[in-house]
Amino acid sequence: MAMTRTPVRRVLDYTVLSVLAFVFALPALYLFLGSLKPSDEVLNGLSGFLPTHLSFDNYTAVLDSLNSESTGYFWQFMGVSVLLSFVVVSGGLIVNSMAAYGLTRLKWRGQNAVFTLVLLLMLIPFESVAVPLFYMFNGQRNTLFIQALPFVANAFAIYQFHTFFKKIPTSIEEAARLDGAGPWRTFFAIIVPMSRPVFASVAILTFLIQWGSFLWPVLMVSDPSVRPLPLEMSVFQGQQPPDWGQILAFGVLLVLPVLIVFAFFQRWFVEGVASSAVKG
């Protein structure tokens with residue numbers, strides 16, 4: 001029998017959740033307010049939360065300072081990150097969903113062994129294989145191709161798709177098979193439309209990882225023309241003397257596309273999380 005919460009318990013729950021949400025939002029609030037303040041007022045402790053002397057001068061300064069061949073162009077760095085994220089996310093959705101479908105629905109020899117290998121790959125951190133990959137692909141440095149290639153196939157994304165596909169009733173595919181649909185048509189015409197929540201969840205998580213990718217670009221990129229935004233931010237932050245107002249403004253510009261993507265996929269992402277929790 002389901003337990004009903006009393007009004008007092010409900011108010012207490014929402015109060016605790018609101019306080020926790022506020023605490024987690026404080027760094028983002030400090031980032032945004034600091035980006036609108038002069039540099040000498042940014043690192044002033046709790047007074048940094050006071051909305052005083054606000055302007056968009058730091059944003060214009062960042063864009064103006066990254067607007068030449070010697071420094072590189074801000075929008076070029078942004079374009080590189082957008083392109084890489086698009087390739088990794090879109091390619092990953094196709095590759096990983098098809099791999100998961102093959103591991104979940106198709107019957108073939110060695111299926112369980114391959115899925116076990118996928119689970120084992122989830123335990124290996126990228127940092128442990130970054131150096132071997134660097135020597136393997138050293139001849140492909142300073143290319144967009146090599147920045148995206150290692151991240152298209154993802155063991156965790158395959159596992160997410162596998163878990164979701166496993167909950168879809170097999171009777172739906174059997175009905176499609178009776179109508180003459182093969183595996184390809186069944187996957188693209190039936191399974192994919194039914195799996196929008198998991199596609200949204202994987203897309204957001206993949207985008208977050210790729211957008212913030214730093215270690216691999218540090219190893220593979222030295223040419224500013226193919227430098228992604230997180231790597232350029234580290235270069236910008238290393239300039240002396242550091243202008244913290246401009247650095248925080250750069251941080252806001254770096255975070256803004258993430259918020260846009262999450263807002264676009266939010267409904268399906270929440271549906272995916274909720275359905276996973278219920279089915280789990």
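## The cavity and its lining

H3 gives the most to the lining of the largest cavity, with three residues. Helices here are DSSP runs (H or I, at least four residues), numbered from the N terminus. This is a predicted model, where local features need pLDDT of at least 70 and side-chain atom pairs count only at pLDDT 80 or more, while totals for chains, interfaces and linings use all residues. Residues are numbered from 1 along each chain as its sequence is written, and side-chain values use heavy atoms, with hydrogens and water left out.

The count comes to one cavity of 30 Å³ or more, and the largest cavity holds about 50 Å³ of space. A cavity is a set of points on a 1 Å grid over the protein atoms alone where a 1.4 Å probe fits but cannot get out, and lining residues have an atom within 4 Å of a point. The volume is the space filled by probe spheres set on the points, which are joined across faces, edges and corners. Among the lining residues are Ser81, Leu84, Ser85, Gln147 and Gln210. H3 and helix H10 (196–211) are the elements giving two or more residues. By class, the lining has five nonpolar, five polar and no charged residues; Ala, Val, Leu, Ile, Met, Phe, Trp, Tyr, Cys and Pro count as nonpolar, Asp, Glu, Lys and Arg as charged, and the others, Gly among them, as polar.

## Leu84 and Gln210

Two of the lining residues are worth a look on their own. Leu84, in helix H3, is buried with a relative accessible area of 4%. Gln210, in helix H10, also counts as buried, at 8% relative accessibility. Buried means under 20% relative accessible area and exposed over 50%, with partly exposed in between (1.4 Å probe, protein chains only).

Leaving aside neighbours within four places in sequence, Leu84 is in contact (heavy atoms within 4.5 Å) with Leu144, Gln147, Ala148, Gln210 and Pro228. Leu84 and Ala148 sit 64 residues apart in sequence but 5.9 Å apart in space, C-alpha to C-alpha.

## H3 against H12

The axes of H3 (residues 74–104) and H12 (residues 229–237) come within 8 Å and cross at roughly 140°. Phe74, Phe77, Met78 and Ser81 of H3 meet Leu229, Pro230 and Glu232 of H12. Axes are lines fitted to C-alpha atoms, for helices over the stretch in contact, with angles from 0 to 180 degrees between N-to-C directions.

Definitions and conventions
1 Å grid on protein atoms, 1.4 Å probe; cavity = no way out; pocket = protein on both sides within 12 Å on 5 of 7 lines; lining within 4 Å.
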